[in-house]
Amino acid sequence: MDSLTRREDALSNPALLMAVAIHHSTITVGHKNMIVLAYCDALREFAHYLQQLWMESLGKKHDTAGRVHPEGQSVFGGVGTSEQHAFMQQVQQGIHDCFIQLISFRRRETDFPITSSGSMGRQLLSFVKGTEDALVKNKVPFFDISLLSPSLFSIGMLVALQERVVSFLAVMKRLNAYDQPGVQDGKLSAKAMDKLSLETEAAMAEGKVSFEKKSAEEVAVILKFDEVNLFFLEAILMDMCENIKLEGSYGKLKGAEMKFEFIDGQFFFTMSW
């Protein structure tokens, strides 16, 4: 695959061919979601991997020149024989907001005879080609990717192909595919909430704090928090209400009880020892 994707001729370079097709479609008709249907249980998690690869690499706010230029590629999918029942009604006859990757293997490792098609493997082939025929009739764009067999070598080729497609697309869209600040944003926020959760538990335990029907903002005052993220604090208080007695959750609050009420569109918390 490394050799194939280094070819300068786009028509013989599978990754460049896919990237050019997707980029051209984006320019002419706008962004579309990508649905991945892999017709093999060995690839049951492959769509999840592609979500990480495509969305993390291409989901950007700025281009390489620092200009605000939001980009991205939403990815959905799973094993074709089951997932196509979830997607195909809308794909075929609803809004045309996606393109499809259909992935299959040509050589079967096992097979079983059945009356409708001759064998299970031949039925699977009919599912793939029948779906593609319907996509053509309904003018839905798709890629047909077939490899020899579900071996580690073939799956490795498939992974490498997708990585190269994303790399080419990033260049075409002037993006840095290897920088993921959005992922870091979530990690930093989670770290801040961890800190507040520990501080809240410690402040409640220190004076065995009790209160009745207080909002998150009022609890912050009781705990003498100068500046606090009330969105985080309310979530922490809700979690305490549900899990304060659970072994291993809030060890410093052993013996405390907590509950919440929802009054006039707002949560109020009560704590006692």
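Analyst: Ala, Val, Leu, Ile, Met, Phe, Trp, Tyr, Cys and Pro count as nonpolar, Asp, Glu, Lys and Arg as charged, and the others, Gly among them, as polar. By these classes, the lining of the largest cavity has 4 nonpolar, 3 polar and 1 charged residues. The model is predicted: local features need pLDDT of at least 70 and side-chain atom pairs pLDDT 80 or more, while totals for chains, interfaces and linings use all residues. Residues are numbered from 1 along each chain as its sequence is written, and side-chain values use heavy atoms, without hydrogens and water.

User: What makes a space a cavity, and which residues line the largest cavity?

Analyst: On a 1 Å grid over the protein atoms alone, a 1.4 Å probe fits in a cavity but cannot get out; a pocket is an open set of points with protein on both sides within 12 Å along at least five of seven lines, and lining residues have an atom within 4 Å of a point. Ile22, Thr26, Trp54, Leu58, Gly72, Gln73, Leu169 and Lys173 line the largest cavity. Two or more of these residues come from each of α1 (14-29) and α2 (46-58); helices are DSSP runs of H or I with at least four residues, strands runs of E with at least two, numbered from the N terminus.

User: What is the volume of the largest pocket, and which element gives the most to its lining?

Analyst: The largest pocket holds about 580 Å³, a volume being the space filled by probe spheres set on grid points joined across faces, edges and corners. Among its 22 lining residues, Tyr39, Phe105, Arg108, Gly121 and Leu124 are the closest to the centre. Helix α4 gives the most to this lining, with 8 residues. By class, 10 residues of the lining are nonpolar, 5 polar and 7 charged.

User: Which residues lie nearest the centre of the second largest pocket?

Analyst: They are Lys60, Lys61, His62, Asp179 and Pro181, out of 14 lining residues. This pocket has a volume of about 240 Å³, and its lining has 3 nonpolar, 6 polar and 5 charged residues.

User: Why are β7 and β8 said to stand at the edges?

Analyst: The open sheet has 3 strands in the order β7-β9-β8, with antiparallel pairing. β7 (211-214) and β8 (257-263) each have a single partner strand, so one side of each lacks a neighbour in the sheet.

User: What makes β8 and β9 a pair?

Analyst: Strands pair if DSSP finds at least two bridges between them. β8 and β9 (residues 266-272) are joined by 7 bridges and therefore count as a pair. Ile263 stands opposite Gln266 in β9.
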